[in-house]
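I opened this model to look up its sheets, the helices packed on them, and a few single residues. My entries follow in the order I made them.

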Amino acid sequence: MSFEELNLNPSILRAIQEAGYTTPTPIQQQAVPELIAGHDIMASAQTGTGKTAAFMLPALHALATPTQIRSRGPRVLVLTPTRELALQVSEAAKKYGKYLPRINVVSILGGMPYPLQNKLLSQPVDILVATPGRLIDHIQRGRIDFKRLQMLVLDEADRMLDMGFIEDVETIAAATPATRQTLLFSATLDNAIDRVAAKLLKTPKRIQVSSPKSKLDNIEQRLHYADDMSHKNRLLNHVLRDETLKQAIVFTATKRDADSLADNLYAQGYAAAALHGDMNQRERTRTLTRLRNGGLRVLVATDVAARGIDVADITHVINFDLPKFAEDYVHRIGRTGRAGAAGIAVSFASVKDGMNLTKIERYTGQRIASHTIPGLEPRIKPRSPGNGPRGTPNVTQRRKRSPFAGHDSRPGFGATGESGRNRNGQRGRSIDADNRGNSFRNSNSNGNRTGYQAARSK
Ligand code: AMP
């Protein structure tokens, strides 16, 4: 199928051609015709599938026809869980809409000054991209008129649910015309998402594109339960001494944890170094070059810094801390098994990580087999599968267990965002993806804790 066959406005086709796209991706092939026909859709599609264009192209196509409704308010509203995603969506709207006359794209994000946002909202807006919390503030102050809103897009709805934004999303949706077209994108379409869709969408078409599972087929995934930090350090030491390990990336939750763990490993004689977002570009490049030319055996990294690393000799990925988002798990373990080679992904989890594990397994569609090492068995036994966090929870379990309550009560559950209410209705504030979590890290090889890591390493 070609883009021409999608019957998009010629000005949009010109921008697509300029972007270098030749063929619509599967999600675009399925979603665009449904959206042009005016249907609501709920689609399971991850980042990287071309989902942004899948909704932005039909949105722009709709905007090419002038509206008769007199208002300055947005005609398209996109809600995203994070600022980063909102900015990406805004950029995409500008890129694909550059040849359409006067498409005004405005981003309203948490953490940015109100006076500037007030000014942006006082002008006619075509596409508004927003994180829910801040948008609610503006709605409550009467600054947004949704009279001419035609399309509401919920991007990464599963993350908005997990980050506690769904109540806000519902409030926002209630402020928009019932005649709107509603689109929901989510990594997975599960019961919780179905309930959101039942409230906000009208007889939606379901669209499913292939799961990330196939990408992981050459990677053996192992799980080790760890009682505490000392246990994690001993398990790590064991994995790193494996002779089949050529090079490894060890993932930690925060930048400071990456530094202290790398120092620790270096002190134990490993060719180890850290890679994270606080390092300047020169330091990062130097570390990556060392990794590429084999001068480093162990790279200790955070999610953001390690994205896109493509080094053939990485035989092992070790999740010293589990990622908070299932999507990050797939990105992380995809650093091994490059170019068709086999790879091993080892994850350390405490019994409190149950909800996280469940989310990862649901996302990948694969169960991670738990392993023990003689002499390093966990003292605390995890709950049996299907009877606790590792089994796919039923609706009642999901309702009772908030992702915040599942492992600990720290607020940093998510990438850069703003405050939201979790499924238990508590307000939380999400922080930078590189800085999630507070934890003990520095233990020496005897397992004695030598330091304490504060909540945020900013
Ligand atoms: P997304 O899943 O929306 O985050 O998009 C992932 C990447 O795919 C972005 O960098 C887009 O620019 C790119 N992309 C989207 N659609 C296409 C397409 N049809 N052909 C090639 N690249 C695309």
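**Entry 1**

I traced an open sheet of seven strands in the order 3-4-2-5-6-1-7, with parallel pairing. Strand 3 and strand 7 (205–208) are at the edges with a single partner strand each, so one side of each has no neighbour in the sheet. Neighbouring strands of this sheet are turned by 15° against each other on average, direction ignored. Axes here are lines fitted to C-alpha atoms, for helices over the stretch in contact, and angles between N-to-C directions run from 0 to 180 degrees.

The model is predicted; local features need pLDDT of at least 70, side-chain atom pairs count only at pLDDT 80 or more, and totals for chains, interfaces and linings use all residues. Residues are numbered from 1 along each chain as its sequence is written, and side-chain values use heavy atoms, with hydrogens and water left out.

Helices (H or I, at least four residues) and strands (E, at least two) are DSSP runs numbered from the N terminus. Two strands pair if DSSP finds at least two bridges between them.

**Entry 1: strand 1 and its cover**

I checked strand 1 (residues 41–44) against strand 6 (residues 181–186): they run parallel, joined by four bridges. M42 stands opposite L184 in strand 6. Helix 2 (residues 26–36) lies across strand 1, strand 6 and strand 7, at about 165° to strand 7. Helix 9 also packs on the sheet, where it touches strand 1, strand 5 (151–154), strand 6 and strand 7. The direction of helix 9 makes about 170° with that of strand 6. Contact means heavy atoms within 4.5 Å.

**Entry 2: helix 9**

Which residues of helix 9 are buried? In helix 9 (residues 191–200) I found A192, I193, V196, A197 and L200 buried. They line one face of the helix, because seen down its axis they fall within an arc of 140°. That arc is taken from the directions from the helix axis to the C-beta atoms. A198 and K199 are exposed, on the face turned away from the buried side. Buried means under 20% relative accessible area, exposed over 50%, and partly exposed in between (1.4 Å probe, protein chains only).

**Entry 3: strand 9**

I moved to strand 9 (residues 247–251), where five of five residues are buried. Q247, I249 and F251 point one way, and A248 and V250 the other. Strand 9 pairs in the parallel sense with strand 12 (residues 314–319) over five bridges. With strand 11 (residues 298–301) the pairing is also parallel, over four bridges. V250 stands opposite I318 in strand 12 and opposite V300 in strand 11.

Is S107 buried or exposed? S107 counts as buried because its relative accessibility is 16%. S107 lies in strand 3. A polar contact (N or O atoms within 3.5 Å, one able to donate a hydrogen and the other to accept it; neighbours in sequence count only if both atoms are side-chain atoms) of 2.7 Å joins the side chains of S107 and S90. Beyond four places in sequence, S107 touches L87, S90, L120 and V129.

N104 sits in the loop between helix 4 (83–96) and strand 3 (105–108). N104 counts as partly exposed because its relative accessibility is 25%. Leaving out residues up to four places away, N104 touches P124, V125, D126 and I127.

**Entry 4: the chain**

Buried residues make up 57% of the 458 residues.
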